[in-house]
Amino acid sequence: WVAPDGRQWALLVGLGVDSGVGQLLMTEAYRRGETTLLAPFEYSAIVWTSLLGIVVWAEWPDGWDLAGFGVLVGAGLFIWWRETRVSGAR
């Protein structure tokens, strides 16, 4: 363990503040917007975090990661399909 110096502490605090503000803004977006409109942005997070892992840490998704992505996307598509059928029956 090496204690962060002043610059590193400032970066850590800035990262924390930015992350907190981003989370608050996402929460407000879900409060004001329609979930079906905002959900694709959540799914795009899978792509962005995978790309970040590849570019920054040279960490490629393995089979388990891809299986998890498939389950998440498949569940989202199933819910979308079910909701369109239910709303169409009304």
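**Ground rules.** I number residues from 1 along each chain as its sequence is written, and side-chain values use heavy atoms, with hydrogens and water left out. Since the model is predicted, local features need pLDDT of at least 70 and side-chain atom pairs count only at pLDDT 80 or more, while totals for chains, interfaces and linings use all residues.

**Helix H2.** I started with H2, residues 35-57. Helices here are DSSP runs (H or I, at least four residues), numbered from the N terminus. I checked the length: the 23 residues should span 33 Å at 1.5 Å a residue, and the end C-alpha atoms are 32 Å apart, so the two agree. The expected span is 1.5 Å times one less than the number of residues.

Which residues of H2 are buried? I found Leu-38, Ile-46, Ser-50, Gly-53 and Ile-54. My cut-offs are under 20% relative accessible area for buried, over 50% for exposed, and partly exposed in between (1.4 Å probe, protein chains only). I looked at Ser-50 separately: its relative accessible area is 15%, so it is buried. Leaving aside neighbours within four places in sequence, Ser-50 is in contact (heavy atoms within 4.5 Å) with Pro-61 and Phe-69.

Ala-58 has a relative accessible area of 58%, so I log it as exposed.

**Salt bridges.** How many salt bridges does the structure hold? I get three, taking a bridge as a side-chain nitrogen of Lys or Arg within 4 Å of a carboxyl oxygen of Asp or Glu.

- Glu-28 meets Arg-31 at 2.8 Å, N to O; both lie in helix H1, three residues apart, about one turn of the helix.
- Glu-28 also meets Arg-32, at 2.5 Å, N to O; these two lie in H1 as well, four residues apart.
- Arg-82 meets Glu-83 at 3.0 Å, N to O. Arg-82 is partly exposed at 36% relative accessibility, and Glu-83 is partly exposed at 39%.

Shared partners join Glu-28, Arg-31 and Arg-32 into one network. I noted the accessibility of its members: Glu-28 is partly exposed at 25%, Arg-31 is exposed at 61%, and Arg-32 is exposed at 71%.

**Aromatic pair.** I found one in the structure. The rings of Phe-78 and Trp-81 have centres 5.9 Å apart and planes at 35 degrees, so I call the pair tilted. The rule I used: rings of Phe, Tyr and Trp (its six-membered ring) pair if their centres lie within 6.5 Å, with planes under 30 degrees apart stacked, over 60 edge-to-face and the rest tilted. Both residues lie in H3, three residues apart, about one turn of the helix. Phe-78 is partly exposed at 46%, and Trp-81 is partly exposed at 44%.

**Nonpolar patch.** Phe-78 and Trp-81 turn up again here, in a surface patch with Tyr-43, Leu-72, Val-73, Leu-77, Ile-79 and Trp-80. Together the members have about 840 Å² of accessible area, from the Shrake-Rupley method with a 1.4 Å probe. Patch residues have over 30% relative accessible area and no salt bridge; nonpolar side chains (Val, Leu, Ile, Met, Phe, Trp, Tyr) are joined within 5 Å, like charges within 9 Å. Which helix gives the most to the patch? I have helix H3 (residues 63-89), with seven residues. Trp-80 is in H3 and counts as exposed at 55% relative accessibility.
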